[in-house]
Amino acid sequence: MLLEASDSQLVLVDYQERLMAALPEREPVLANARQLAQAARRLRVPVWGTEQNPAKLGPNDPGLRDLCQRTLAKMHFSAVPDGLLECLRPATKGGNARSLPKHLQKPAAAAHPRNTVVLAGCEAHVCLLQTALDLVEEEMDVWVVTDACASRTERNRDAAFDRLAGTGCELVTTEMVLFEWLRSADHPDFREIHALIK
């Protein structure tokens, strides 16, 4: 029931400057997203970003965008139809020969060892929610970082969290994620990660 860094991928949804300007909690939410991305990079957790209709809403916060190994432009509210799943579960090269009997072939799950998605973003009740629900439908374990999410109104944000919890998503905070990824003060990256939240 604890997050494992070795099984995690971080997805940061639509931290676009024009969108963020309309959100009342933008500064702490963005700061938490940066902490997550910095810790993920330090712990070798893949970091993906998405941008909703970037031609109209502009790019993600530049500091956050630089921490993503790829930022996916999208028009759907969910990032899944626009290619997120291909980032999270890339096609394997080589692997099973077609001639191998099925009982000797590697199971499909072994080709995709990181099945846990740590998800944060804006707006919680639209793009984040729809992305999370699509990922759950694809049988991924979704952990939503509540203090790194925002909506224009608290009512919409809280309704999204209620719905996400009801569908089996785990609701966590930034510090919960960081300390679960570390597990111990003996972790070699403890000081650097701990410094992010001071």
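Tutor: A residue counts as exposed when its relative accessible area is over 50%, as buried when that area is under 20%, and as partly exposed in between. Keep in mind that this is a predicted model.

Student: Is Glu139, then, buried or exposed?

Tutor: Glu139 has a relative accessible area of 66%, and it is therefore exposed. Its place is in the loop between α6 and β5, the latter spanning residues 141–145.

Student: What is the phi of Glu139?

Tutor: Phi of Glu139 is positive, at about 65 degrees, although the residue is not a glycine. Another residue other than glycine with a positive value is Asn53, whose phi is near 40 degrees, and which is placed in the loop between β2 and α3 (54–57).

Student: And which peptide bond is cis?

Tutor: The bond from Cys122 to Glu123 is cis, with an omega near -20 degrees; Glu123 itself lies in the loop that leads from β4 to α6 (124–137).

Student: How should I read the pairing in a sheet, and what is the strand order here?

Tutor: As a general idea, the strands of a sheet pair through backbone hydrogen bonds, and they do so either parallel or antiparallel. Here the six strands form an open sheet in the order β3-β2-β1-β4-β5-β6, with parallel pairing. The edge strands, each of which pairs on one side only, are β3 (70–74) and β6 (170–172), and from one strand to the next the twist averages 25 degrees.

Student: Which helix packs on the sheet near these strands, and which strands does it touch?

Tutor: Helix α5 (residues 80–88) packs on the sheet, where it touches β1 (8–13), β2, β3 and β4 (116–121), and its direction makes about 155 degrees with that of β3.

Student: How many bridges join β1 to β4, and how many join β1 to β2?

Tutor: Six bridges join β1 to β4, the two running parallel, while four bridges join β1 to β2, which also run parallel.

Student: Why can β1 be called largely enclosed?

Tutor: Six of the six residues of β1 are buried, so β1 is largely enclosed by the rest of the structure. Both of its faces are covered, with Ser8, Leu10 and Leu12 buried on one side and Gln9, Val11 and Val13 buried on the other. For β2 the reasoning runs likewise: six of its six residues are buried, so the rest of the structure largely encloses β2.

Student: How do I read a helix pair, and at what angle do α2 and α8 pack?

Tutor: The idea is to compare the directions of the two axes, and an angle under 35 degrees counts as roughly parallel. Helix α2 (residues 26–42) and helix α8 (residues 174–182) pack at about 10 degrees, their axes being 10 Å apart, which means that α2 is roughly parallel to α8. In this contact Asn32, Gln35, Leu36, Ala39 and Ala40 of α2 meet Thr174, Val177, Leu178 and Trp181 of α8, and these residues divide into six nonpolar, three polar and no charged.

Student: Which residues does Arg42 contact, leaving aside its neighbours within four places in sequence?

Tutor: Arg42, which is placed in helix α2, is then in contact with Asp189, Glu192 and Ile193. Arg42 and Glu192 are 150 residues apart in sequence, yet 8.3 Å apart in space from C-alpha to C-alpha. With a relative accessible area of 38%, Arg42 is partly exposed.

Technical notes:
Residues are numbered from 1 along each chain as its sequence is written. This is a predicted model: local features need pLDDT of at least 70, side-chain atom pairs count only at pLDDT 80 or more; totals for chains, interfaces and linings use all residues. Side-chain values use heavy atoms; hydrogens and water are left out. Axes are lines fitted to C-alpha atoms, for helices over the stretch in contact, and angles run from 0 to 180 degrees between N-to-C directions. Angles under 35 degrees count as roughly parallel, over 145 as roughly antiparallel, 65 to 115 as roughly perpendicular and the rest as oblique. Contact means heavy atoms within 4.5 Å. Ala, Val, Leu, Ile, Met, Phe, Trp, Tyr, Cys and Pro count as nonpolar, Asp, Glu, Lys and Arg as charged, and the others, Gly among them, as polar. Two strands pair if DSSP finds at least two bridges between them. Buried means under 20% relative accessible area, exposed over 50%, partly exposed in between (1.4 Å probe, protein chains only).
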